[in-house]
Amino acid sequence: MANVLFAGVGGQGVVTASDLLAHAALRAGWNVKKAETHGMAQRGGSVVTHVRVSADQPVHSRLIPHGCADYLIALELLEGVRTLWMLAPGGDSFGIDVPHAHWHTVVALQPGTVIFEAKSGPYQPLLPEEKAPWAPVEGAAGVDVYLRQIESLFPTG
Amino acid sequence: MSEQPQPMLLSGNEAVALGAWQAGCSLAAAYPGTPSSEILPALIRWAERHGGDIYCEWSVNEKVALEVASGASIAGARTLAAMKHVGLNVAADPFFTLAYTGVEGGLLVISADDPGLHSSQNEQDNRIYARHAGIPMLEPADSQEACDFARLAFELSERFDVPVLLRLTTRVSHSRTPVVAGLERAEREVTGATPNPQKYVMVPAHAKTRHEVLQRSLARVARWGDEAPVNRVDDGVGDVAFIASGLAYCLLREVLPEAPVLKLGMTYPLPGSLIGGFVERFARVVVVEELEPFLFEQIRALGHAVDRLPAELQLGELTPDRLVHGLRQIGIEPTGLSPAPDEALGPPAGLPARPPVLCPGCAHRAVFAVLRKLKVFVTGDIGCYTLATLEPLAALHTCLDMGAGISQAHGISRATGGKQKAVAVIGDSTFTHMGMPALLNAIYNGGDFVTLILDNRSTAMTGGQDHPGTGTTLRGESSRALDFARLAEAMGAEMVMQVPVSDPKAIEAGLRQALNHRGPAVVIASGLCPLRYRVRTTPYAIDREKCTLCRRCLALGCPALGLSVDSGLKWPVIDAALCNGCGLCAQECLLGAISLADANGGDAV
């Protein structure tokens, strides 16, 4: 069983983000339940959604009990602080905060990895000058070699 | 033989719509209200994707919606009316008497309750309506049941000649859980209405007979419930057993996965034999339910000494943590959760709250800035503009129910002998819902106050649905747009004026004139809802050379305006990503420090 809590502000896409995870779980044949906030949510208020997934156990409650969230995905800092107490004790951090205007790339070390990236502000497509000049373009020849180079930086096993 | 359908991840509202679509429902009427608003749009989508002829409409209010549905039923159509819990108060009049008349085509009434008041003015438990009116009620626990029970409700309604209430809650309507359902629709022929006055003309003589018929029907429904799979027993271990329905059942399964549970899908009328047989098997039986002790009291009345959760849990939403807390208080230790939830946990104190606010560029903001300045008593209503009660606008002083503001202003004016002149603010959709009779009453009875219709061409709070003022129907067809000014004149208002929300000076001048007028005055403030109509223009920015940090702009409560610390000073700044360019702050600034962002090359962040 994994309990994933999404927190943010109305309009940021909290409901959409949690939808993606819930649908992915359903497609993988897992049990899933998800609770959303509607109504007041699009007026800029705090929004929290609960996603509970399990490959083998039935999911009954759609709400995550207090102190039982395995993952917290906060799309906004204050809402993250506000919901931090929902996290279960003893978990690892799976999140990373990349400051604005820092080149970064993502490599999946294991198949089936799900990566969720949230950015502040409205959606803007990347401009050519924002892309790292040394990295091959998506889909181009050389991508595999480039990714393998990055993979080799991680310890295996 | 078709292959096994793939599970779909549906909200409770989408699932109800799917069940109704499958059952051949051909007319649906509703007034939008959280958490019920998505049911009709979902029904239209099912029909668009998979066929079927379904007429859907936004009715002006829930009473009208239920009456439209009742006409469809008399004509032989399977039909539904959907509403939020307080909407059933409005529709209570036809609801009670429809229990007597019964149906031709199956009639489904959907009430989406809001335990915990996520988006409502109260948290009434509408299960009590089922018992009060004598209307059978089904309570789904998840989206699969929402779909199955909706379909079943039409069958029950026709079989027992009575409407059926499908009672949802926010957590059922607005949760997504898997649904496996076939995409086949049972299309039905609608034969048309034929006279049957003994059944459909509720004069006393007929109604007395129909009341007796209803009582006999309910006894038959209860016996059906003793055997039907809609109610079921989950066998378990231990001599403490539970009775639960809906969301409470899901929470109970989570917290005590091995306990024996009688799961009631039909919570009115109760299956007496099934309950009796279940209760006598155990040393102790606890009823677990959300809000009112509805099941508890009925089961006690059947003569069973069942137990219940502590009474304090009747207030608010039932959550896993509150259930664990309640069970511990009555000596039952939860076994199902690891780690056990810590009921002492809660959000840290002292964090800034983030309540919902009027959107950037909201058509209502200027009006409330003026009302605050005029220092009048403002009777409010239900809609986005209710948020204007919060600081910094803090210019709305009542909110009771749909349409109440106008009548309250009339009452204030009459009680004070005309000394206090209130301003009643009401949105365009709320005005068509129940404001019209209120205004007619006030004008007829010589009310001396100002009615301010906030016309943003949208039922905005519930997601921007159409209404008679928008000139478009739910199906996207053009219709006649209601002319508020001509309507007010026809009702007898002597002073009727229209002001644009983009001009605070015109709003102030109009309101002062209306307040000075003796007798009922109607001011219509028009401006499009920026969210619904996606109004967005060039953002504004603040010129620090001219800004004196007076913070007049901040007092508008616009989410695009904030403070930024620089050189030890807190500067008002405009977030260009949020600003939608309405320009209200620029008009509010006495020093001309705010202008279009690209005009002064300013400091938009």
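## Where the chains touch

In this predicted model, 34 residues of chain A are in contact with 40 residues of chain B. Three elements of chain A each supply at least two residues to the side that touches chain B: helix 1 (14–27), strand 2 (31–35) and helix 2 (77–83). Strand 2 of chain A gives the most, with four residues.

What kinds of residue make up the side of chain A that touches chain B? There are 14 nonpolar, 14 polar and six charged residues.

## A strand pair across the chains

Strand 2 of chain A also pairs with a strand of the other chain. The partner is strand 8 (residues 175–179) of chain B. The two strands run in the antiparallel sense, and the pairing covers two bridges. Look for A:Lys34: its bridge partner in strand 8 of chain B is B:Arg176.

## Helix 16 of chain B

Now turn to helix 16 (residues 404–415) of chain B. It has twelve residues. At 1.5 Å a residue, the helix should span 16 Å.

Why is helix 16 of chain B described as largely enclosed by the rest of the structure? Because nine of its twelve residues are buried. Among them are B:Ala404, B:Ile406, B:His410 and B:Ile412.

What covers these buried residues? The cover includes strand 15 (378–379), strand 16 (423–427), helix 17 (428–444) and strand 17 (450–455), which belong to chain B.

## After the helix

B:Gly417 follows helix 16 of chain B. The phi of B:Gly417 is positive, near 60°.

Notes
Residues numbered from 1 in each chain as written. Chains lettered and ligands numbered in written order. Predicted model: local features only at pLDDT ≥ 70, side-chain atom pairs only at ≥ 80, totals over all residues. Contact = placed C-beta atoms within 7 Å. Nonpolar A, V, L, I, M, F, W, Y, C, P; charged D, E, K, R; others polar. Pairing = 2+ DSSP bridges. Expected span 1.5 Å × (residues − 1). Buried ≥ 20, exposed ≤ 12 C-beta atoms within 10 Å, placed from the backbone.
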